[in-house]
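Hi,

Here is the structure I promised to pass on. Have a look at it first, and then read my notes below.

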Amino acid sequence: MGLLNLASGASVWRGYDYFKENKILNFTDCSHNQYSGLVSGRNKKPYEVFIDTVHPRKSHCNCPHAKGRRIICKHQVALYFYAFPEEAEEYYRKVLEYEEEERKYQEELAEHVSSYIDSLSKQELRDALYEILYDSPSWVYNRFVRDHIDF
């Protein structure tokens, strides 16, 4: 399993940001699959980062999130993207593809919902509204009352 697969989605996204913001201050190619470097973060002192692309669980960083834990943090991801910029571009391309697919899906879903609502009779609409208001979390009901009823 690769380094990116072991990182959380948030760590990969933030790591990509760090890479694009040039937060890698120092980079050393230790071998063909091991890299170390300094990555700036929130603290004044940069974080010491080591990644092993063959054995990603051997990777480490001294940031508060990853120190002493076997997790992949944003600093490790940033260093990985620095070592493999083509992987960074591939990752970003996939993010854009996913966002476009999600946009199309939401548009299609909105069309189906609109079509369904337009096909309902007045009584069916009332019944659906009651069901939504009474079966949803209380905040939905409270917001409806706040926004639509002078009470």
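Let's start with Glu90: with a relative accessibility of 29%, Glu90 counts as partly exposed. Buried means under 20% relative accessible area, exposed means over 50%, and partly exposed is in between (1.4 Å probe, protein chains only).

Before going further, a word on the source: this is a predicted model, where local features need pLDDT of at least 70, side-chain atom pairs count only at pLDDT 80 or more, and totals for chains, interfaces and linings use all residues. Residues are numbered from 1 along each chain as its sequence is written, and side-chain values use heavy atoms, with hydrogens and water left out.

Back to Glu90. Its side chain meets that of Lys94 in a salt bridge (3.9 Å, N to O). By salt bridge I mean a side-chain nitrogen of Lys or Arg within 4 Å of a carboxyl oxygen of Asp or Glu. Lys94 is partly exposed too, because its relative accessibility is 49%.

The structure holds ten salt bridges. Another one joins the side chains of Arg14 and Asp17 (3.0 Å, N to O); these are three residues apart in helix α2, again about one helical turn. There is also one between Asp147 and Arg146 (3.3 Å, N to O). Arg146 is exposed at 58%, while Asp147 is partly exposed at 43%.

Now the whole chain. It has six helices and four strands, where helices (H or I, at least four residues) and strands (E, at least two) are DSSP runs, numbered from the N terminus. Along the sequence the pattern reads α-α-β-β-β-β-α-α-α-α. The radius of gyration is 24 Å, well over the 15 Å that the globule rule gives for 151 residues, so the chain is more spread out than a compact globule. (That radius is taken over C-alpha atoms, and the rule is 2.2 Å times the number of residues to the power 0.38.) The C-alpha trace spans about 70 × 35 × 25 Å along its principal axes.

Which parts are covered? Buried residues make up 28% of the 151 residues. Helix α3 (residues 74-83) is mostly covered, with nine of its ten residues buried, among them Tyr80 and Phe81.

Cheers
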